[in-house]
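This briefing is meant for a reader who has not seen the structure before. Please look through the sequence and the model first, then read the notes grouped by topic below.

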Amino acid sequence: MKIGILSDIHVDINFTDKDIITPSICNNIKDNALDMIIIAGDVASNYKLILTTLEEIEKQTNIPCLYVPGNHDIWVENYPEKTSWEIYELLKSYPHNLANGPYVINNDWVVIGDLGWYDFSFGDSNKYSFDDFSNMKYEERVWQDSIKAVWNKSTQDMHRYFMDKLEKQLKMYQNKNIIVVTHVLPIIDFTVQPPSPMWEYMNAFLGSSEYGELILKYPNVKYAVSGHVHYRKRKKINETEFICNCLGYKNEWYKNDDAEVEVDKALMTIGI
Ligand SMILES: [Fe+2]
């Protein structure tokens, strides 16, 4: 079984005169005869566009497109009357949103996941205090979640919510191989390294070491997929292959502005 892995497709930001990303993903799926694709969040900061994008991928390709929300996906900028919780709930109307629950592939494999959040553990705690990180502002640069992610809960509480949910699901499937999907990073290796002075601070908002530590307690987690940082990296630790595989913004693509070419470069596959 061939599973495609991709994240941070940002169809809104990458939109030119039309959506150039979704057709490229569909073509890649067909060309490579994939059986499933996993998108680890940041499809768009507009829940209606997210839903139509994911539905379009499934309709065009006839394969399951599993998804977890990213931080951009729950931003309220286009729906200021809603909270992020309301948007998070609306995204659950997509049946293959893993926030709804695990997706059992077969007797041997299950996919579990959700957005995840951050607890500042990836920031440089020798230089910054908890209160410094809580400001979410480095010089003039404001971490946009502090304005646009309206959970009405603390960052730590959000992280704890997703940790508890992940732990329960890991316990449920100790008899299966697991693919864990989070939008945020579970290991420090995928943060900006070595960090510039700004990233000594901003790395705090990329994830939590607790996700990685939890995942590594379960050697039946064979893959841990994440996104968020717009890198394409892999690292095997013990039995688990950690994968961060982002398409990212068009202006980040190296010497290329052709979506079809970049999707083909970015989209990686795993075989199970
Ligand atoms: Fe992103």
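Which residue in strand 11 is the bridge partner of Y223? The bridge partner is E241. The model is predicted, so local features need pLDDT of at least 70 and side-chain atom pairs count only at pLDDT 80 or more, while totals for chains, interfaces and linings use all residues. Residues are numbered from 1 along each chain as its sequence is written, and side-chain values use heavy atoms, with hydrogens and water left out.

**Terms for strands and helices**

- Helices (H or I, at least four residues) and strands (E, at least two) are DSSP runs, numbered from the N terminus.
- Two strands are said to pair if DSSP finds at least two bridges between them.

- An open sheet is formed by 6 strands in the order 4-5-8-9-11-10, and its pairing is mixed.
- At its edges are strand 4 (103-104) and strand 10 (232-237), each of which pairs on one side only.
- Strand 9 (residues 221-226) and strand 11 (residues 240-245) run parallel and are joined by 4 bridges.

- Another open sheet is made of 4 strands in the order 3-2-1-12, with mixed pairing.
- Strand 3 (65-67) and strand 12 (268-271) are at the edges with a single partner strand each, so one side of each has no neighbour in the sheet.
- On average, neighbouring strands of this sheet are turned by 25 degrees against each other, direction ignored; axes are lines fitted to C-alpha atoms, for helices over the stretch in contact, and angles run from 0 to 180 degrees between N-to-C directions.
- Buried here means under 20% relative accessible area, exposed means over 50%, and partly exposed lies in between (1.4 Å probe, protein chains only).

**The iron site**

- The iron ion has the protein donors D8 (OD), H10 (NE2), D42 (OD) and H230 (NE2), at 2.0 to 2.3 Å from it.
- Donors are N, O and S atoms within 2.8 Å of the metal (3.2 Å for Na, K and Ca); water is not among the atoms, so sites may look incomplete.
- The angles among the 4 donor atoms are 87 to 178 degrees, and the site is irregular.
- Four donors count as tetrahedral if all angles lie between 85 and 135 degrees; four count as square planar and six as octahedral if opposite donors are over 155 degrees apart and all others between 65 and 115; anything else is irregular.
- The spacing of the donor residues in sequence is D-x1-H-x31-D-x187-H.
- H10 is in the loop between strand 1 and helix 1 (22-31) and D42 is in the loop between strand 2 (36-39) and helix 2 (47-61), so this pair ties together parts 32 residues apart in sequence.
- H10 is buried at 0% relative accessibility, and D42 is buried with a relative accessible area of 1%.

**Backbone features in loops**

- Most residues other than glycine have a negative phi, and most peptide bonds are trans.
- H230 has a positive phi of about 65 degrees, is found in the loop between strand 9 and strand 10, and counts as buried at 19% relative accessibility.
- H228 is placed in the loop between strand 9 and strand 10, with a positive phi near 80 degrees, and is buried with a relative accessible area of 10%.
- Q193 and P194 are joined by a cis peptide bond with omega about -10 degrees; P194 is in the loop between strand 8 (177-182) and helix 7 (197-202).

**Cysteines**

- The whole structure holds 0 disulfides, a disulfide being a pair of cysteine sulfur atoms within 2.5 Å.
- C65 is buried at 0% relative accessible area, and its sulfur is 8.7 Å from the closest cysteine sulfur, in C26, too far for a bond.
- C246 is buried at 1% relative accessible area, and its sulfur is 4.0 Å from the closest cysteine sulfur, in C244, too far for a bond.
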